[in-house]
Amino acid sequence: MLEEALEHLVKGIVDNDEDVVVRRKELRRGEVLEVRVHPDDLGRVIGRSGRTASALRTVIGALAGGRPVRVDIVDTDRAR
C-alpha cells in the first residue's frame, strides 16, 4: 500500500511519470522504499533544499502508522 501511495505522489510531481519506479526492501531496522525517476526529474522530486523529499517522507511516515519506513530517492546517474 505504501509503495502505491508513494508512486502516485511522485507521478504527480514529475514530467516523465512512466519512468517512476518504487521498490520496497525489508531491512532489520525497518522498511525502505527506493524511488527512481528520470534524471531530468530528480530535482523536482528533491525540491529546493530537500523540501519536497521531506514532505514525501512525512506523508509516507504518517501512512505507515508508526512503523519505521525510510524513503530513499536514488540517483540513477550513479553506479549502483
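The buried residues of helix 1 pack against strand 1 (21–27), strand 2, helix 2, helix 3 and strand 3. I begin with that contact list, and I shall then go through the elements in turn.

First, some conventions. This is a predicted model, in which local features need pLDDT of at least 70 and side-chain atom pairs count only at pLDDT 80 or more, while totals for chains, interfaces and linings use all residues. Residues are numbered from 1 along each chain as its sequence is written, and side-chain values use heavy atoms, with hydrogens and water left out.

A few terms also need their cut-offs. Helices (H or I, at least four residues) and strands (E, at least two) are DSSP runs, numbered from the N terminus. Contact means heavy atoms within 4.5 Å. A residue is buried under 20% relative accessible area, exposed over 50%, and partly exposed in between, with a 1.4 Å probe and protein chains only.

Let us return to helix 1. Which of its residues are buried? They are Leu2, Glu3, Leu6 and Val10. These residues cover an arc of only 100° around the axis, and therefore lie on the same side of helix 1. The arc is taken from the directions that lead from the helix axis to the C-beta atoms.

Consider the pairings one at a time. Strand 1 and strand 2 run antiparallel, joined by 7 bridges, and they form a hairpin with 2 residues between them. Within this pair, lysine 25 has valine 32 as its bridge partner, and glutamate 26 stands opposite glutamate 31. Strand 2 and strand 3, by contrast, pair in the parallel sense over 6 bridges. There, glutamate 31 stands opposite valine 69, and valine 35 stands opposite isoleucine 73.

Why is strand 2 described as largely enclosed by the rest of the structure? The reason is that 7 of its 7 residues are buried. Valine 35 illustrates the surroundings: leaving aside neighbours within four places in sequence, its contacts include Leu6, Val10, Val21 and Val71.

We come now to helix 3. Its 14 residues (51–64), at 1.5 Å a residue, should span 20 Å, and the end C-alpha atoms are 20 Å apart, which agrees. The expected span is 1.5 Å times one less than the number of residues. The buried residues of helix 3 are Ala53, Leu56, Ile60 and Ala64. Because they cover an arc of only 75° around the axis, they are on the same side of helix 3. They pack against helix 1 (2–11), strand 2 (30–36), helix 2 (42–46) and strand 3 (69–74). The face turned away from this buried side carries the exposed residues Arg51, Thr58 and Ala62. After the helix comes glycine 65, whose phi is positive, near 65°.

Finally, the core. A nonpolar core is a set of buried Ala, Val, Leu, Ile, Met, Phe, Trp, Tyr and Cys residues joined through side-chain atoms within 4.5 Å. The largest one here has 17 residues, of which Leu6, Val10, Val35, Val37 and Val45 touch the most other members. At least two residues of this core come from each of helix 1, strand 2, helix 2, helix 3 and strand 3. Helix 3 gives the most, with 4 residues. In soluble globular proteins, nonpolar side chains tend to be buried together.

Key:
Two strands pair if DSSP finds at least two bridges between them.
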